[in-house]
Amino acid sequence: MKYLWLWLSLVGLLAGCSAPLKSDLPAEQVYRLAPVIDISARRLPLTLYVPPLTATPALDSARISLIKPPSQQDFIAQSRWPDELPSYLHALILEGLARSEGFQAVSEQRLGHDASLKLLLRVTDFQAEYSADGKEEATIVVGITATLLTGKDSHLLKQQHYEARQTHVALRTGSIVAAMNQALGEVMAALLVDLQRAL
């Protein structure tokens, strides 16, 4: 009888271990951006080669970045972008520049040796920053440095840092992502205007 009780206890323990554990945390949410470039661009007879973006190490992730005072790096729990941020922004910027119809072609690959222009982009800021005075709000900062080169000899045509901020943003993930979308659209619009002026 003693061994029977031990055997039944062991079977019950194994059955309990085989049951799947259920988390009480909410499912991870994937957030997407859809920046709008509301600018009428003149069509230039040039191709634009945009290689993959680079980013500061803190932003080289699919997680949505937060900065807490004084300078603590954090992330929004259970929330992420569809891909690593540099890859995701690269796809969005390529699509936006192509949709503007300001160039003959926009590509992530060099179109032969006659590619007219090369655009290098580095993401320096793409985060929500908590208010230092304890207010229940955040400031969104989007910063991208752009370097425009000729395609053949890599002669420097222009280098510019673009930054957009959205202030007094509610501390809700949806509000933060919407503000990031707005700020990214402003940066992309300013970039397109400067590309057109430089040429």
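**View 1. R80 counts as partly exposed at 27% relative accessibility.** Partly exposed covers the range between buried, under 20% relative accessible area, and exposed, over 50% (1.4 Å probe, protein chains only). The model is predicted: local features need pLDDT of at least 70 and side-chain atom pairs count only at pLDDT 80 or more, while totals for chains, interfaces and linings use all residues. Residues are numbered from 1 along each chain as its sequence is written, and side-chain values use heavy atoms, with hydrogens and water left out. R80 forms a salt bridge with E28, at 3.0 Å from N to O. The pair links distant parts of the chain, 52 residues apart: E28 is in the loop between α1 (2–18) and β1 (29–30), and R80 is in strand β5 (residues 72–80). Helices (H or I, at least four residues) and strands (E, at least two) are DSSP runs, numbered from the N terminus. E28 is also partly exposed, at 47% relative accessibility.

**View 2. Two further salt bridges are E163 with R165 and D194 with R197.** The term means a side-chain nitrogen of Lys or Arg within 4 Å of a carboxyl oxygen of Asp or Glu, and the count by this rule is five. Between the side chains of E163 and R165 the N to O distance is 3.0 Å. E163 has a relative accessible area of 43% and is partly exposed; R165 is partly exposed as well, at 45%. For D194 and R197 the closest N and O atoms are 4.0 Å apart. Both residues lie in helix α3, three residues apart, about one turn of the helix. An α-helix has 3.6 residues a turn, so residues three or four places apart point the same way. D194 is buried, with a relative accessible area of 15%, whereas R197 is exposed at 67%.

**View 3. Strand β8 (residues 137–150) is largely enclosed by the rest of the structure, because 13 of its 14 residues are buried.** Strands count as paired if DSSP finds at least two bridges between them. β8 runs antiparallel to strand β7 (residues 117–130), with 13 bridges joining them; L117 stands opposite T150. Six residues separate β7 and β8 in their hairpin, and G134 in the turn has a positive phi of about 85 degrees. β8 also runs antiparallel to strand β9 (residues 156–170), through 12 bridges, and L148 has K158 as its bridge partner. The hairpin of β8 and β9 has five residues between the strands, where S154 takes a positive phi near 55 degrees.

**View 4. Helix α2 (residues 85–99) spans 21 Å from its first C-alpha to its last.** That is close to the 21 Å expected for its 15 residues at 1.5 Å a residue, the expected span being 1.5 Å times one less than the number of residues. Buried residues of α2 include L85, Y88, L92 and L97. The buried residues pack against β2 (44–49), β3 (54–55), β6 (103–107), β7, β8 and α3 (173–198). E101 lies in the loop between α2 and β6 and is exposed at 52% relative accessibility. Its phi is near 60 degrees, a positive value in a residue other than glycine.

**View 5. L119 and F126 have the most contacts inside the largest nonpolar core, which has 48 residues.** Such a core is a set of buried Ala, Val, Leu, Ile, Met, Phe, Trp, Tyr and Cys residues joined through side-chain atoms within 4.5 Å. α3 gives the most to this core, with 12 residues. Contact means heavy atoms within 4.5 Å. Apart from its neighbours within four places in sequence, L119 is in contact with residues including L48, L97, L148 and L195. K118 lies in strand β7 and is buried at 18% relative accessibility. Not counting residues up to four places away in sequence, K118 touches Y49, P51, R110, T147, L148, L149 and G151. In a regular strand the side chains alternate between the two faces of the sheet.

**View 6. The peptide bond from P69 to P70 is cis, and H168 has a positive phi.** Omega of this bond is near 0 degrees, and P70 lies in the loop between β4 and β5. H168 is in strand β9, with phi near 55 degrees in a residue other than glycine. At 58% relative accessibility H168 is exposed.
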